[in-house]
Structure formats: structure tokens, C-alpha cells
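Here is a friendly walk through one protein model, helix by helix and strand by strand. Please keep the sequence and the 3D view at hand while you read.

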Amino acid sequence: MQITRRHLLALTAAAPVLALSTRSAMAATPSIYAEDGIAVDGTDVVGYFTQGAPVAGDAAITHDYMGATWRFSSVENRNLFAADPEKYAPQYGGYCAFAVSQGYTASTIPDAWSIVDDKLYLNFSRRVQRRWERDIPGHIAAADANWPSVLNA
């Protein structure tokens, strides 16, 4: 086959469309669950550990980590997170731990949470959290086996 100027022009015109369609086909679920770029609905994740409860973060006290903005109730909490984000960030990127154990991702709410072995786990709802609590070790083992491949499912 002989390549002509017309073939080159057609290929050049098609390249951006091909690039966009390839990018869409390769798109996967983001590794951090964040509504409008804000992780954990703006909840200070350090507060789960230090105050034993979800604490609202301040939009003026933030830290960017893994493509999401994390909010904190104090500069001290932000600094603790920045020094060791893996210690405080929820498991499975903040997606519902029960869902990940079942092989898919789901959103979470700040009020459905638990700390197990110094790790934060979030769930879709309080009802789903009760299902999670029926076999936490089994669900963690299953979720660990599914993570992060569920992001590409």
C-alpha cells in the first residue's frame, strides 16, 4: 500500500479522536474516593483516631494526597496526616470496605466507620456497616485480596 499525502492528513485528523477514545477505554475508578475532589466528605480523618469520632474538617486547613484534598480540624491534625498519611487515610482509598470485600467499589459516609488494628475502615451506610461487623476479619481478608483490582472492574 502506498501512503499518500491524503492518507497522512486523514491519520493526523484521526489521531486526537483515537487518543481520547483510548484514554476513555483505559479510565478506571480513581484510587481515592473523593466527592468533588474532597476526601471523606471533608471529614478530618485524624479525628477518628484522636477523638474517636468523625470531626468536620476546615476548608482552610488542607493537605493534598493521592489526587484528593483532605481537610482537617486543626493544623496539628494536618501535620500528623502529612507526616504519615498511610497511618490515617482510610483503607481501600476511602471506598466502602464491605463493598471492596464483595468485589466492587461504593461511596461512603463519615458516620459509618471503624478502626481495626489501627486502620480506618469506612462503609456505605450504618446498615452496611452492621453487615461488615458480622465478620470483620473475613471481610478484611477478602477486601485485601480484591484491592486494588476492583478499581479496574
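The report below looks at one helix and its neighbours, then a hairpin, then aromatic pairs.

This is a predicted model, in which local features need pLDDT of at least 70 and side-chain atom pairs count only at pLDDT 80 or more, while totals for chains, interfaces and linings use all residues. Residues are numbered from 1 along each chain as its sequence is written, and side-chain values use heavy atoms, with hydrogens and water left out.

Let us begin with helix α7, residues 136-146. Helices are DSSP runs of H or I with at least four residues, strands are runs of E with at least two, and both are numbered from the N terminus. Within α7, I136, H139, I140 and A143 are buried. These residues lie on the same side of α7, because they cover an arc of only 100 degrees around the axis; the arc is that of the directions from the helix axis to the C-beta atoms. An α-helix has 3.6 residues a turn, so residues three or four places apart point the same way. P137 and A145, on the other side of α7, are exposed. Here buried means under 20% relative accessible area, exposed over 50% and partly exposed in between, with a 1.4 Å probe and protein chains only.

What do the buried residues of α7 pack against? Their partners are α5, β7 (109-116), β8 (119-123) and α6, where contact means heavy atoms within 4.5 Å.

S101 belongs to helix α5 (residues 97-102) and is buried, at a relative accessible area of 7%. Leaving aside residues up to four places away in sequence, S101 touches H139, A142, A143 and N146. The side chains of S101 and H139 are also joined by a polar contact of 3.4 Å. Such a contact is a pair of N or O atoms within 3.5 Å; within protein, one must be able to donate a hydrogen and the other to accept it, and residues adjacent in sequence count only if both atoms are side-chain atoms.

R127, in helix α6 (residues 126-133), is exposed, with a relative accessible area of 65%.

Strand β5 (residues 58-65) pairs with β6 in the antiparallel sense over five bridges; strands pair if DSSP finds at least two bridges between them. Y65 stands opposite A68 in β6. Two residues lie between the strands of this hairpin, and M66 takes a positive phi near 55 degrees. In β6 (residues 68-72), A68, W70 and F72 form the covered face, whereas T69 and R71 form the uncovered one.

**Aromatic pairs**

Rings of Phe, Tyr and Trp (its six-membered ring) pair if their centres lie within 6.5 Å; planes under 30 degrees apart count as stacked, over 60 as edge-to-face and the rest as tilted. By this rule there are eleven aromatic pairs. Two of them are set out here.

| Pair | Centre distance | Plane angle | Type |
|---|---|---|---|
| Y48 and W113 | 5.0 Å | 55 degrees | tilted |
| F49 and Y88 | 5.4 Å | 85 degrees | edge-to-face |

Y48 lies in helix α2 (residues 45-50) and W113 in strand β7, so their pair ties together parts 65 residues apart in sequence. The pair of F49, in helix α2, and Y88, in helix α4 (residues 85-88), links parts 39 residues apart. Y48 is buried at 1% relative accessibility, while F49 is partly exposed at 24%.
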